[in-house]
Amino acid sequence: MKRRLSALLAALLLTASMPIVSLAQEPAPAAEAGKAPGAAPESGRGAEAAEAGSAGTEHATPHYPLKKPPHMSWSFAGPFGHWDLGQLQRGLKIYKEVCSACHSMNLVSFRNLTALGYSDAQVRALAAEYQVTDPAPNAQGEMFQRPGIPADRLPAPFPNPEAAAAALGGAHPPDLSLIAKARAVERGFPYFVFDIFTQYAEGGPDYIHGLLTGYGQTPPEHTTIAPGTHYNPYFISGPALAMAQPLTDGQVTFDDGAPQTVDQYARDVAAFLMWAAEPHLVARKATGFVVMIFLIGFAVMLYLVKKRIWAATPH
Ligand code: HEC
């Protein structure tokens with residue numbers, strides 16, 4: 001029994017170590033190629049490669065993002081995470097006052113905002129602040145505007161992505177409903193293995209926080225910033241993006257005493273976007289925890305039953 005278990009473990013370890021071997025071998029030819037004249041640009045691995053290459057004339061293709069987003073502490077992280085409703089409300093305020101000038105959140109309805117701790121009456125009042133086009137025409141067959149109701153989605157600033165791109169110099173701002181789940185910086189080996197044990201799953205909000213606080217740095221040498229874009233080392237798909245720094249200190253007023261800084265705004269809006277992307281995150285984790293406890297108990301019971309049933313059989 002013990003021998004079989006250790007054989008199984010050894011086999012598992014062997015399979016797990018295979019990618020390590022191939023990873024360990026990979027940089028060797030790349031490093032050699034870097035020394036050879038006219039090296040292939042795709043041999044670069046990360047920003048260090050780009051910087052190391054700056055001494056010569058050849059520059060390796062950098063690996064984006066140039067900087068990994070720092071890990072922030074989030075109230076909703078881990079198996080016992082919970083939403084900080086005050087933070088989510090601040091995040092909504094930032095979205096309303098800043099981001100919603102360019103970004104839509106087409107999948108979020110006003111009525112969903114009761115999850116942030118607002119009463120029905122508050123949600124009704126919030127929805128009524130907006131004029132929305134009713135989805136159905138009136139008796140004359142004309143589309144008409146009316147004050148918003150809780151069933152309406154948050155109104156979009158532009159009728160379609162093309163209109164947004166035309167107004168904003170060519171790049172359209174992505175819908176933010178699911179952005180916290182749609183962006184995460186690759187973790188690489190061995191971190192993604194540790195993540196299983198540390199239960200790290202906050203890559204999305206960490207990325208958004210990194211991006212929003214990552215403006216105003218000096219680009220490394222030999223970085224080409226396309227006209228109309230802004231350098232940001234945390235941007236996932238290039239050295240610069242079309243969004244200019246959207247937040248400045250003191251821009252949004254908080255009435256709960258939270259600091260009115262870019263860092264705090266970035267945390268709050270990232271938490272809000274995480275809620276929007278996965279509103280049932282906390283409930284899912286709570287259920288998952290109970291399920292795991294049950295499964296562990298069930299496994300122990302199965303083992304004891306098996307021992308009992310087979311107790312009389314010689315082996
Ligand atoms: C003036 C318009 C404008 C405002 C205001 C604005 N954005 Fe953007 N945003 C853009 C544009 C344009 C892009 C597309 C950039 C690109 O792809 O180069 C973008 C892209 C993004 C992205 C996606 C980056 C990626 O990885 O693709 C995120 C996340 C984002 N914005 C968050 C925010 C948040 C949060 C706010 C509010 C604090 C905000 N934006 C305010 C215009 C804006």
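The legends below describe close-up views of a predicted model.

**View 1. Overall make-up of the predicted chain.** In this predicted model, the secondary structure of the chain comes to 11 helices and four strands. The chain has 315 residues, of which 23% count as buried. Among the contacts that join residues at least 6 apart in sequence, 58% are between residues at least 24 apart.

**View 2. The residues around the ligand.** The shell around the ligand holds 22 residues, and those that come nearest are C99, C102, P173, A242 and M243. By class, this shell is made up of 20 nonpolar residues, one polar residue and one charged residue. Helix α9, which spans residues 203-213, gives the most to the shell, with three residues.

**View 3. Helix α9 and what covers it.** Of the 11 residues of α9, 10 are buried, so the helix is largely enclosed by the rest of the structure. The buried residues run through G204, P205, D206, Y207, I208, H209, G210, L211, L212 and T213. What covers them includes α7 and α10, the latter spanning residues 262-277.

**View 4. The largest nonpolar core.** This core has 37 residues, and the members that touch the most other members are V269, A270, F272, L273 and M274. Two or more residues of the core come from each of α4, α5 (120-128), α7, α9 and α10, and among these elements α10 gives the most, with 11 residues. Domain 2 (66-108 + 154-279) and domain 3 (112-152) both give residues to the core, so the core lies between the two domains. A closer look at F272 shows that, leaving aside residues up to four places away in sequence, F272 touches L88, G91, L92 and Y95.

View 5. The peptide bond from Y64 to P65, by contrast, is cis, with omega near -5°, and P65 is found in the loop between α3 (46-52) and α4 (85-97). A cis peptide bond also joins F189 and P190, where omega is about 0°. P190 has its place in the loop between α7 (179-182) and α8 (191-198).

**View 6. Two residues with positive phi.** Most residues other than glycine have a negative phi. Q199 is not a glycine, yet its phi is positive, at about 60°, and Q199 lies in the loop between α8 and α9. Q199 counts as exposed because it has 12 C-beta neighbours inside 10 Å, where the limit for exposed residues is 12 or fewer. H222, likewise not a glycine, has a positive phi of about 65°, and H222 is placed in the loop between α9 and β3 (230-231). With 11 C-beta neighbours inside 10 Å, H222 counts as exposed too.

**View 7. E186 and G203.** E186 lies in the loop between α7 and α8, and with 12 other C-beta atoms within 10 Å this glutamate is exposed. Along the chain E186 and G203 are 17 residues apart, while their C-alpha atoms are separated by 8.6 Å.

**View 8. E162 and H172.** E162 lies in helix α6, which spans residues 161-167, and E162 counts as exposed, with 10 C-beta neighbours inside 10 Å. The residues E162 and H172 are 10 apart in sequence, and in space they are 7.1 Å apart from C-alpha to C-alpha.

View 9. The feature "transmembrane region" is placed at residues 286-305 by UniProt, in an unreviewed entry.

How values were computed:
Residues numbered from 1 in each chain as written. Predicted model: local features only at pLDDT ≥ 70, side-chain atom pairs only at ≥ 80, totals over all residues. Near = placed C-beta within 6 Å. Nonpolar A, V, L, I, M, F, W, Y, C, P; charged D, E, K, R; others polar. UniProt positions renumbered as here; feature names shortened; annotations may be inferred. Buried ≥ 20, exposed ≤ 12 C-beta atoms within 10 Å, placed from the backbone. Contact = placed C-beta atoms within 7 Å. Core = buried A, V, L, I, M, F, W, Y, C linked by C-beta atoms within 7 Å. Domains from an automatic or database assignment.
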